[in-house]
Amino acid sequence: MNQDMKKLKFMLIVMLSLFAVSCNKEKQPDTISITGEWELVDMQTKSITIGGQTVEIFISFREDNTFHIRQMLGTGRYREYDGSWTLEGDLLDGTYDDGSKWAAPYKISITDGLLHMTPDYDESTYVYPLETYVYRKIG
């Protein structure tokens, strides 16, 4: 029985050591991958709709940290914009090719394959209402 007790103590020490080592590891932050082409499928807003116009927006986030936006309001023509983007944690920010910054960075998340983008700004100093844009990956 003495030999069995030594084995049991040894196994207990090994298990406790492994547990202690695994508890000391810091959890790595989850990274969000947004590369690909996305289509606007929903917009949750606190603003009112004027004119009931259809909005179509497609945005491609490329692996080289550039983006291409194609958007149309109503029955007009598509307008296209290019620039660069950065993603730090869940905060997405961008700059257009002409050097102008996006109106605000966006807090992003991906749920059930949908990219949710909500402007991250101080509502007391920003005149636009809080909106969340929801995109479906198409490419």
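**Exercise 1. Determine which residue forms a salt bridge with E39, and which strands the pair joins.**

Solution. E39 pairs with R136, with the closest N and O atoms 2.5 Å apart. Next, locate the partners: E39 lies in strand β1 and R136 in strand β8, so the bridge ties together parts 97 residues apart in sequence. Strands (E, at least two residues) and helices (H or I, at least four) are DSSP runs numbered from the N terminus. Finally, consider accessibility: E39 is partly exposed at 21% relative accessible area, and R136 is partly exposed at 39%. The classes are buried (under 20%), exposed (over 50%) and partly exposed in between, with a 1.4 Å probe and protein chains only.

The model is predicted: local features need pLDDT of at least 70, side-chain atom pairs count only at pLDDT 80 or more, and totals for chains, interfaces and linings use all residues. Residues are numbered from 1 along each chain as its sequence is written, and side-chain values use heavy atoms, leaving out hydrogens and water.

**Exercise 2. Describe the salt bridge between K107 and D90.**

Solution. The closest N and O atoms of K107 and D90 are 3.5 Å apart. K107 is in strand β6 and D90 in the loop between β4 and β5, so the pair links distant parts of the chain, 17 residues apart. Both partners are partly exposed, K107 at 38% and D90 at 30%. A further bridge joins D93 and K101 at 3.1 Å, N to O; the count comes to 4 salt bridges.

**Exercise 3. Compare N65 and D112 by phi, location and accessibility.**

Solution. Most residues other than glycine have a negative phi. N65, however, has a positive phi of about 65 degrees, and D112 one of about 50 degrees. N65 is in the loop between β2 and β3, whereas D112 is in the loop between β6 and β7. N65 is partly exposed at 31%; D112 is exposed at 77%.

Terms used: Salt bridge = Lys/Arg side-chain N within 4 Å of Asp/Glu carboxyl O.
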